[in-house]
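Please read the following walk through a protein model with the coordinates open.

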Amino acid sequence: MTDTPETHEPNPIGRRTVLLATGATAAALAVGAAASSTPTAATPVAATAVCTLTKEMTEGPYYLDGQYVRSDISEDKTGIPLKLTLTVVDDDTCAPLNNALVEIWHCDALGEYSGFVGNNGHEEPDNGTFLRGGVLTNAGGVAAITTVYPGWYRGRCVHIHIKVHTDVTLTPDGSFTGGEELHTGQLFFSETITTRVAALAEYKVNTVPRTTLAQDSIYDEGGAASGLLTLTPLGGTTSAGYAGTLTLGVEQG
């Protein structure tokens, strides 16, 4: 897997996406905006929000249709816990999107994708479903997904792929069909934290050279605007895992 299609340049921008500043930064900016002007009743919500436009990222070569709608995609894969909280909003109004399907997929600690095991030089059982799936957002636009911290494969930094769909139909087998795809992107990880994770026993078995965030051909150093997660420890050690958060806006219609 030295030269996969995923190492090429990202696809041209097809839709606009927006990431909202969160936490203390957003609060500080909001206070500053309020001090400088008072929005009128006719002012759109988006006009007072702190928004940064960002391009979509390439889908890559390892997407599989028809994955399960489920909140835990880890199955029995080894690796430290990763609990994602992804908030989806409309980029024009900054209003949360309810019932949007947030779908993710990524490689395991060995750098292997389900459905494509062996491409990173390791042999293991392949059921075509591990570390794949998604959930519907709640009324607050939040999708909570439990997985494991990804490993890496040749030519790419540690990352997670993501799609956002609306108006999907849930199927009796636990999957989904139809709907409209609003966004295709990738989520990225702090290099400092990834270095700590890579030193753990369950990740050291992956002997493929690791590409750093700065060396990656897809990540453009745009921080949260380019999908960089905010990571918070779940415990006192690296092995306890991390919580990852990001607010992602998409353009509807």
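How many helices and strands does the secondary structure of the protein come to? There are four helices and twelve strands, where helices (H or I, at least four residues) and strands (E, at least two) are DSSP runs, numbered from the N terminus. This is a predicted model, in which local features need pLDDT of at least 70 and side-chain atom pairs count only at pLDDT 80 or more, while totals for chains, interfaces and linings use all residues. Residues are numbered from 1 along each chain as its sequence is written, and side-chain values use heavy atoms, with hydrogens and water left out.

Of the 253 residues in the protein, 48% are buried; buried means under 20% relative accessible area, exposed over 50%, and partly exposed in between (1.4 Å probe, protein chains only). Among contacts (heavy atoms within 4.5 Å) with a separation of 6 or more, 78% are between residues 24 or more positions apart.

The largest nonpolar core contains 34 residues. Such a core is a set of buried Ala, Val, Leu, Ile, Met, Phe, Trp, Tyr and Cys residues joined through side-chain atoms within 4.5 Å. Two or more residues each come from β3 (81-90), β4 (101-105), β6 (142-148), β7 (159-166), β10 (180-188), α3 (191-198) and β12 (242-250). Leu86, Tyr149, Phe189, Tyr203, Leu229, Leu231 and Tyr242 have the most contacts inside this core. Leaving out residues up to four places away in sequence, Leu231 touches Leu82, Tyr149, Phe189, Ser190, Ile193, Tyr242, Ala243 and Gly244.

His159, in strand β7, counts as buried because its relative accessibility is 2%. Its side chain reaches the backbone oxygen of Cys157 at 2.7 Å, and a polar contact of 3.5 Å joins the side chains of His159 and Arg156. A polar contact is a pair of N or O atoms within 3.5 Å; within protein, one must be able to donate a hydrogen and the other to accept it, and residues adjacent in sequence count only if both atoms are side-chain atoms.

Thr137 is found in the loop between β5 (132-136) and β6, and is buried because its relative accessible area is 3%. A polar atom of its side chain lies 2.5 Å from the backbone oxygen of Leu97.

Most residues other than glycine have a negative phi. Asp167, in the loop between β7 and β8 (169-170), has a positive phi of about 60 degrees. Asp167 counts as exposed because its relative accessibility is 63%.
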